[in-house]
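Today I went looking for aromatic contacts, and I kept these notes as I went along.

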Amino acid sequence: MLMIMYIYSCDLHKGFGCDTAAVVNIIAHRDATQRTLIQQEYRAMYSDDLIKRMSSELSGDVKKAVLLWMNDPAGRDAAIVRDALAVVIDLKAATEVICSRTPAQIQVFKQIYYSRFGVQLEQDIEMQASGDHKKLLLAHVSFRRYEGLEFDRMAAENDAKVLFKAGEKRIGTDETAFIHIFSERSSAHLAAVSAAYKSMYGSSLEKAIKKETSGNFEFGLLTILRCAENPAKYFAKSLHKAMKGMGTRDTDLIRIVVTRTEIDMQYIKGEYQKNYGKTLHDAIKAETSGNYRTFLLSLVGPH
């Protein structure tokens with residue numbers, strides 16, 4: 001109750017200007033359940049929608065980050081993919097979310113996608129994606145893969161042979177074989193396939209994908225493979241790319257920080273420091289400013 005009243009006192013409701021720092025300080029330190037309760041209590045006490053009020057009072061990158069954070073994890077994924085497929089058309093963002101999530105996570109956010117937007121995820125994929133990329137995404141969101149750690153070593157070696165024959169061994173590429181294996185096999189199995197491929201042919205499966213495929217199809221396959229092997233390393237690399245060079249790709253930075261905070265941020269932080277020689281905290285601090293910086297650093301947590 002005190003928390004809701006404090007948000008109210010920050011002028012979010014009254015319309016006299018928003019104390020963004022205070023809002024950031026409260027919201028950044030609340031989990032998904034608490035954020036949902038805050039929204040419910042705000043509506044009950046003030047007959048107003050907290051998200052709409054935040055949207056009207058906040059601005060810029062901090063607004064994008066806070067509004068995305070107010071969703072639960074599945075709601076965030078649904079919002080990101082819908083925006084990427086129907087508003088700004090960012091197929092890489094949609095592909096990253098779809099190809100990095102577990103089968104269980106995909107099934108939940110597909111349900112939210114339909115209930116919130118009134119359209120099936122598959123319909124939007126059909127509208128915006130094309131070719132082998134579309135086939136991969138549709139297969140990946142439809143097939144309920146095993147999520148355990150067990151795998152059959154002989155089956156993994158057989159899949160490695162199939163992929164070699166479908167790619168490096170022949171002239172041209174049998175994309176259907178890649179789609180079949182990458183959309184139907186578990187993460188543990190795919191990691192074993194990758195290891196078997198390297199052992200059997202002396203070259204990595206990742207290099208084979210880069211050689212044999214291109215564009216968003218290549219990106220989707222690589223995302224699935226890298227997340228099967230080490231998702232924290234994958235997202236650490238994506239964060240590094242978002243902050244590398246001139247200018248920061250804030251949309252990518254926000255998407256990854258906000259969506260991974262409640263999933264595996266501690267592991268991502270470890271991978272970031274190991275691979276790039278500095279903490280993720282320091283990297284974000286150097287690339288952002290103001291309340292936006294404060295919010296992201298609060299989500300990432302201390303060194």
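**Notes on aromatic rings**

I started with a tally on this predicted model, and the count came to eight aromatic pairs. The pair I opened next was Y42 with Y46, which is edge-to-face, at 5.1 Å centre to centre and 65° between the planes. I call this one edge-to-face because its angle is over 60 degrees.

Where do Y42 and Y46 lie? I found both in helix α3 (residues 32-46), four residues apart, which is about one turn of the helix.

Then I checked burial. Y42 has a relative accessible area of 0%, so I noted this tyrosine as buried. Y46 comes out at 17%, and it is buried too because the cut-off is under 20%.

Next I turned to F164 and Y201. Their rings are stacked, with 3.9 Å centre to centre and 10° between the planes. This pair links distant parts of the chain: F164 belongs to helix α11 (residues 153-166) and Y201 to helix α13 (residues 187-201), and the two are 37 residues apart. Is Y201 buried or partly exposed? Its relative accessibility is 28%, so I put Y201 down as partly exposed.

I also followed the ring pairs onward from there, and they join F164, Y197 and Y201 in a cluster.

Last, I looked for charges over rings. R35 lies over the face of W69, 3.9 Å from the ring centre. I also found K92 with its charged end over the ring of F219, at 4.9 Å from the centre of that ring.

Conventions. Residues numbered from 1 in each chain as written. Predicted model: local features only at pLDDT ≥ 70, side-chain atom pairs only at ≥ 80, totals over all residues. Heavy atoms only, no water. Phe/Tyr/Trp six-rings, centres within 6.5 Å; stacked < 30°, edge-to-face > 60°. Buried < 20%, exposed > 50% of the residue type's maximum accessible area, 1.4 Å probe, protein only. Lys NZ or Arg CZ within 6 Å of the ring centre and 35° of its normal.
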